[in-house]
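Hi everyone, thanks for coming.

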Amino acid sequence: MILGRVVGTIVASQQHRFYRGRKQLVVRYVLPDGSFDGEKYVVAVDIVGAGVGETVLVEDEGNSARQLLHTDEYGPVRSVVVGIVDLITAPR
Amino acid sequence: MKLGRVIGTVIANTKVPGMEGLKLLVVRPLTAELAPDGDPFVATDASDQAGPGTLVTYESSREAALLHAPRFVPVDKAIVGIVDQHAIEEGS
Amino acid sequence: MPETRANHPALAMLDVLDVPRGMQALDALVKEAEVSVLSAGTVQNGHYLVLFAGPVEPVQRAHDHAIDVADRALFDAMLLPWADERIAPAILDGEQHASDRGDTVGVMQVDACPTLVRALDAALKGALVDLVQVRIGDGLHGRALATLRGETHDVEAALELGEHTARTGCYQGWSAVVIRNADGAVERFGGGTFHQEWRG
């Protein structure tokens, strides 16, 4: 899974039917110390109610994403926010 | 998913079966802050409405092909949606 | 930084078989949601057309409701949530716009106006072509046609995309040609009327 910080939200009124009504967050990857990891980011479907500014865990793999969203093998989704992080302890 | 900007179109008269009647769009990948970020690529459009100038979300690899399901379209990049609003909070 | 589209990205059109039912559908759709009616009225074959625009959600609601109300009097309808910006102005003026892009002219026509508009949207977005003219039901016995211009491969691709889309609508009467190295006569007269006359 990826550590990231929610930096924004996406509103898209015209999109593939699978994504209609699904909250999408812009999540920039962070290093364990909290700083951004370059420009790396992902737009992920939110299923935990995360908000802008929060540090989150993102599952960025299709099969897991499909299971998490309870969709069949045709679900065109890969990235899902699976947790909100309270604390990171990592050696420097 | 990631963010991108449609910057052009591609015409390919010779294509493999499964790609008939599909728009082929040139997309420039963007960072979370909408700055250009890497080389442009060609994507199909699963949002149905994208065109040059549009700000879009896109998927890659297997999920790109899945966006066109049940139709089998052998692509590795596809546009998911058109971004109406993309709100990034500075300093978050 | 917020990225917002201009106020009216969505475009919708109804083609109703008779005038009373058309007016009824118009009334129903404006009462259903706040949309901008760009034009409404009769065309030569006695159908009633309504062209309206606005943000996606109200246009969708108005479109869906009008289809319900028109019921079997509906001939054709279309909704483009993110319409190419060239289309609405060109429909409203119906004129030929000069273009010097490439040397190939593409023309497409179909018997249903909303279907032609959808086909045109796909064509304009999938290839680098200029929109020279759109005529929606004006003295064409209910038909609609659009003329494009560009390099040959772009025009061919545009018409292929248009046809692919038209097949999902009212495909009746579909006709499309690619005119390579178009002569000046085609540029001059194009798809305009034979006589200078009132737009029916």
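**A quick tour**

Let's start where two strands meet: Gln14(A) has Ile82(B), in β5(B), as its bridge partner. In total, 2 bridges join β2(A) to β5 of chain B, residues 77-82, and the two run antiparallel. Strands here are DSSP runs of E, at least two residues, and helices are runs of H or I, at least four, numbered from the N terminus; two strands pair if DSSP finds at least two bridges between them.

A word on the model: it's predicted, so local features need pLDDT of at least 70 and side-chain atom pairs count only at pLDDT 80 or more, while totals for chains, interfaces and linings use all residues. Residues are numbered from 1 along each chain as written, and chains are lettered from A and ligands numbered from 1 in written order.

Stepping back, 27 residues of chain A are in contact with 27 of chain B, meaning C-beta atoms, placed from the backbone, within 7 Å. On chain A's side, β1(A) gives the most, with 6 residues.

Most residues other than glycine have a negative phi, and most peptide bonds are trans. But Ala69(B) and Pro70(B) are joined by a cis bond, omega about 5 degrees, and Pro70(B) sits in the loop between α1 and β5 of chain B.

Over in chain C, Asp71(C) has a positive phi, near 50 degrees, in the loop between α2 and β4. His141(C) has one near 55 degrees, in the loop between β6 and β7. That's the tour!

Note on methods: Two residues are in contact if their C-beta atoms, placed from the backbone, lie within 7 Å.
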